[in-house]
Amino acid sequence: MRIVAANWKMNHLRADATAFMETLKAGWKPVEGVVAAVAPPFPLLPLLQGLAQGTPLRVYAQNAHAEAKGAFTGEVSMAMVQDAGACGVILGHSERRQYNGETEATLLPKLKAAAAQGLAPMLCVGETLAQRDAGETLAVLKAQLAILAGTGFPGLAIAYEPVWAIGTGRVATVAQIAEVHAFIRGELKALLGDQGAATPILYGGSVTPDNFAEILRVPDVAGGLVGGASLDPAKFLRLLELAA
Ligand code: PEP
């Protein structure tokens with residue numbers, strides 16, 4: 001199975017989402033084994049879910065809170081994003097780690113809350129440029145993945161996103177992706193056994209229609225988590241075709 005997931009970040013209004021879906025539906029020929037997902041900002045979840053009716057598009061949230069309800073101004077719960085149309089949730093994106101203080105300590109409760117709500121979690125991991133330059137890449141990833149020990153979250157996917165490759169136009173090399181994805185696979189097997197052997201590992205970081213085919217040929221790459229290029233429905237469609 002391959003997954004092509006769009007992370008719209010803080011982009012698009014309702015009109016943009018509507019136009020995106022019109023173009024997608026006009027050009028998309030879904031094929032077995034290729035999952036398409038879009039993670040819009042919270043306010044667009046119900047609209048997107050409605051527009052996706054009759055298609056296999058999966059709608060994800062970009063984040064949600066670990067607590068079920070209460071005095072957490074500005075937050076939304078797992079039940080709320082599900083009620084608004086999400087079937088999964090991205091967790092631990094590097095922008096949330098950087099700007100919102102997301103850490104392993106906050107992410108484990110979120111993973112558990114997502115699973116309890118029946119949401120498929122997509123856990124993002126990745127090293128900064130300073131960590132890579134210091135030779136710490138694999139140690140950083142090991143620590144980020146360690147929260148999965150002894151768990152078994154249904155629908156879990158991992159997105160390897162080197163922070164230095166996100167939104168920079170600087171895509172990781174095939175050799176770098178191959179090394180890290182093989183390492184993540186080994187860690188997942190050690191942490192999760194059979195589930196770890198089958199967990200999809202996506203690559204993210206400046207994926208475009210020009211580099212996706214080459215990235216998909218790397219062993220243990222099961223698709224992409226795509227930011228910038230996913231805002232354009234024509235490019236998203238092309239990414240889906242390349243994954244087929
Ligand atoms: C992302 O936001 O997850 C991402 C990978 O962004 P971009 O494709 O723009 O690098």
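These are my notebook entries on a predicted model of a protein chain.

**Ground rules.** I number residues from 1 along each chain as its sequence is written. Since this is a predicted model, local features need pLDDT of at least 70 and side-chain atom pairs count only at pLDDT 80 or more, while totals for chains, interfaces and linings use all residues.

**Whole chain.** I looked up the secondary structure and got 11 helices and 8 strands; these are DSSP runs numbered from the N terminus, helices being H or I with at least four residues and strands E with at least two. The C-alpha trace spans about 45 × 45 × 35 Å along its principal axes. I checked the radius of gyration, taken over C-alpha atoms, against the globule rule of 2.2 Å times the number of residues to the power 0.38. For 244 residues a compact globule would come out near 18 Å, and the chain's 17 Å agrees with that.

**Burial.** I call a residue buried if 20 or more other C-beta atoms lie within 10 Å of its own, exposed if 12 or fewer, and partly exposed in between, with C-beta atoms placed from the backbone. By that count 43% of the 244 residues are buried.

**Active-site record.** UniProt, in an unreviewed entry, puts the feature "active site" at His93 and Glu161. Its positions are given in the numbering used here, feature names are shortened, and annotations may be inferred rather than shown by experiment. The two are spread over 69 residues of sequence, yet they cluster in space, with a largest C-alpha distance of 8.3 Å.

**His93.** I found His93 in the loop between β4 (88-91) and α4 (94-99). His93 is buried because 26 other C-beta atoms lie within 10 Å. Leaving out residues up to four places away in sequence, His93 touches Gln62 and Cys124; contact here takes C-beta atoms, placed from the backbone, within 7 Å.

**Glu161.** Glu161 sits in the loop between β6 (157-160) and α8. Is Glu161 buried or exposed? Glu161 counts as buried, because 27 C-beta neighbours fall inside 10 Å. Among the residues Glu161 touches, not counting those up to four places away in sequence, are Ser94, Cys124 and Gly126.

**α7 against α8.** I then turned to helix α7 (residues 137-145) and helix α8 (residues 174-192), whose axes come within 10 Å and cross at roughly 35°. Axes are lines fitted to C-alpha atoms, for helices over the stretch in contact, and angles run from 0 to 180 degrees between N-to-C directions. On the α7 side the contact includes Leu138, Leu141 and Leu145, and on the α8 side it includes Val180, Phe183 and Ile184.

Methods
Two residues are in contact if their C-beta atoms, placed from the backbone, lie within 7 Å.
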